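This report covers aromatic rings and the charges placed over them. The sequence and structure are shown first.

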Amino acid sequence: IPVEPFDLVIFGGTGDLARRKILPGLFRRFCDGQMPDGARVIGAARSEMDTAAYRVTVGEAIGEFGGDSAVDCDAVDAFLERVEYQAVDAKGEGGWEALRGLLRDGMVRAFYFSVAPSLFGDIAERLRSFGLADAQSRIVVEKPFGHDLASARSLNATLAQHFDEEQIYRIDHYLGKETVQNLMAVRFGNMLFEPLWNAQFIDHIQITVAETVGVGGRGEYYDKSGAMRDMVQNHLMQLLCLIAMEPPSKFDPDAVRDEKLKVIRALDPIDYHQLVRGQYGPAGDAPGYREDVGDARSRTESFVAMKVHLSNWRWAGTPFYLRTGKKLRARDSEIAVVFKDTPHSIFGPEAGQHRNVLAIRLQPNEGMTLDVTIKEPGPGGMRLIDVPLDMSFADALGPDAEAPDAYERLIMDVIRGNQTLFMRGDEVEAAWAWTDPIIEGWQSRGDVPKPYDPGSSGPEDALMLMHRDGRRWREIK
Ligand code: NAD
């Protein structure tokens with residue numbers, strides 16, 4: 001869908017996120033013909049440089065992170081002509097007048113805050129005081145959105161002094177993934193699933209977001225945060241909302257977000273015994289978590305697993321198991337909806353127990369698989385096996401179709417003025433209100449995370465969390 005001409009200002013336009021995701025993503029949209037004539041991207045950051053020098057760095061970022069499109073699309077120079085740069089000081093006066101001078105009237109104006117959260121308030125204030133933003137302008141805010149409920153509230157209040165909620169786009173790139181949106185299409189576009197989408201037919205739901213990387217260069221930030229704040233409060237909660245929400249009356253931002261908010265509010269307070277925290281240890285020459293963050297006594301978790309319940313009619317009795325961690329066996333993220341056993345097996349015990357599982361893969365290889373039980377082919381009698389009905393997007397869309405990356409899709413939604421896939425302020429606060437007591441509980445008990453081996457599936461206790469209930473995690477592979 002084409003968009004209006006726009007001026008997109010990227011605060012932090014020289015930073016890591018801009019180089020790895022935002023600029024290469026915009027370039028891919030350009031190659032797909034989605035950036036109309038007159039659309040412009042303006043990098044704004046602390047470094048003093050001119051537009052020519054910035055274009056060189058953007059060209060390098062595209063070469064490094066643009067993927068196949070950077071090779072196929074012979075349009076880097078044409079894209080770079082749309083790129084400008086202005087040095088600004090988020091905390092001072094420098095550069096703001098000049099930046100205003102670059103903006104054109106009659107265009108959609110969007111300001112992407114790809115900077116440390118401590119600068120969000122300063123930038124919002126200056127956008128107003130220097131007259132860069134008007135009532136139609138949009139701001140895009142990166143994670144982390146607050147550190148706890150109090151800080152998220154305060155950030156919401158600061159932004160609200162300068163912008164209406166309809167102008168604020170809180171990004172969670174998980175919501176921009178093709179499969180995540182497809183989850184809504186599958187649930188609400190088919191007759192097949194929704195009648196079964198409840199505690200009567202679903203045994204449990206598992207959400208796994210497994211990473212192979214450690215904390216890398218983000219150790220200092222991560223150690224103050226941990227998996228609960230960095231992954232659960234935002235990404236896993238958002239996935240949980242989409243899988244568990246009631247059908248909204250229409251696919252519009254507030255209808256969808258109202259339903260997601262109800263899910264968060266229906267979450268039971270978590271039982272301490274249903275929570276496992278882990279921290280990866282060293283392996284051979286590879287440093288462990290504590291060495292990575294430079295604190296030999298750190299008690300921050302790099303892994304968390306939990307069993308949660310929703311107190312509502314749809315889900316009473318069906319648990320949701322969530323887990324996420326770093327340095328695990330594979331980079332593997334999926335949501336698995338595990339249906340109940342058939343009420344009676346006409347094939348007898350030797351046929352074994354078989355369950356339908358709808359697995360929604362987020363990475364790698366976005367796609368969905370539905371395990372269906374059939375007869376094992378051959379003369380061996382009525383033996384049952386599970387076979388997957390598989391739909392990977394690469395297959396469905398053809399080998400040449402590159403599904404847009406989450407960031408580029410979400411940026412185009414900002415330009416279109418569509419907030420459906422962005423978090424509303426009250427959602428973020430409700431999520432913190434649920435996670436805060438968990439984190440406070442760990443702190444007040446002096447909880448020490450369980451060590452786990454890099455390359456494993458996390459601490460043994462996480463496996464026990466499921467085994468106790470006669471269930472098992474799906475393999476991380
Ligand atoms: P970064 O440190 O690489 O870049 C920071 C940018 O902010 C630079 O362009 C710098 O010039 C600019 N900046 C710093 N102080 C400034 C000032 N006073 N005035 C104007 N500009 C200033 O950071 P990053 O990794 O790109 O992250 C940016 C934001 O995105 C952060 O909020 C981060 O939490 C979030 N985020 C990053 C990633 C990632 O993969 N890097 C992922 C998710 C969220």
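Does Tyr289 count as buried or exposed? The model is a predicted one, and in it Tyr289 counts as buried because its relative accessibility is 0%, under the 20% cut-off.

## Aromatic pairs

A pair of aromatic rings is described by the distance of the centres and the angle of the planes. Searching the whole structure gives 16 aromatic pairs. One of them joins Phe193 and Trp197, with 6.5 Å from centre to centre and 85 degrees between the planes, an edge-to-face arrangement. Phe193 and Trp197 are both buried.

Tyr222 and Tyr289 form another pair: the ring centres are 6.2 Å apart and the planes stand at 65 degrees, so this pair is edge-to-face; the cut-off for that class is over 60 degrees. Like Tyr289 at 0%, Tyr222 counts as buried, because its relative accessibility is 1%.

## Ring cluster

Which residues do ring pairs link into a cluster? The members are Phe11, Trp96, Phe111, Phe113, Phe120 and Phe130.

## Charges over rings

Two arginines are placed over aromatic rings. Arg128 has its charged end over the ring of Phe163, at 5.0 Å from the ring centre. Arg445 lies over the face of Tyr272, and the distance to that ring centre is 3.4 Å.

Key: Residues numbered from 1 in each chain as written. Predicted model: local features only at pLDDT ≥ 70, side-chain atom pairs only at ≥ 80, totals over all residues. Heavy atoms only, no water. Phe/Tyr/Trp six-rings, centres within 6.5 Å; stacked < 30°, edge-to-face > 60°. Buried < 20%, exposed > 50% of the residue type's maximum accessible area, 1.4 Å probe, protein only. Lys NZ or Arg CZ within 6 Å of the ring centre and 35° of its normal.
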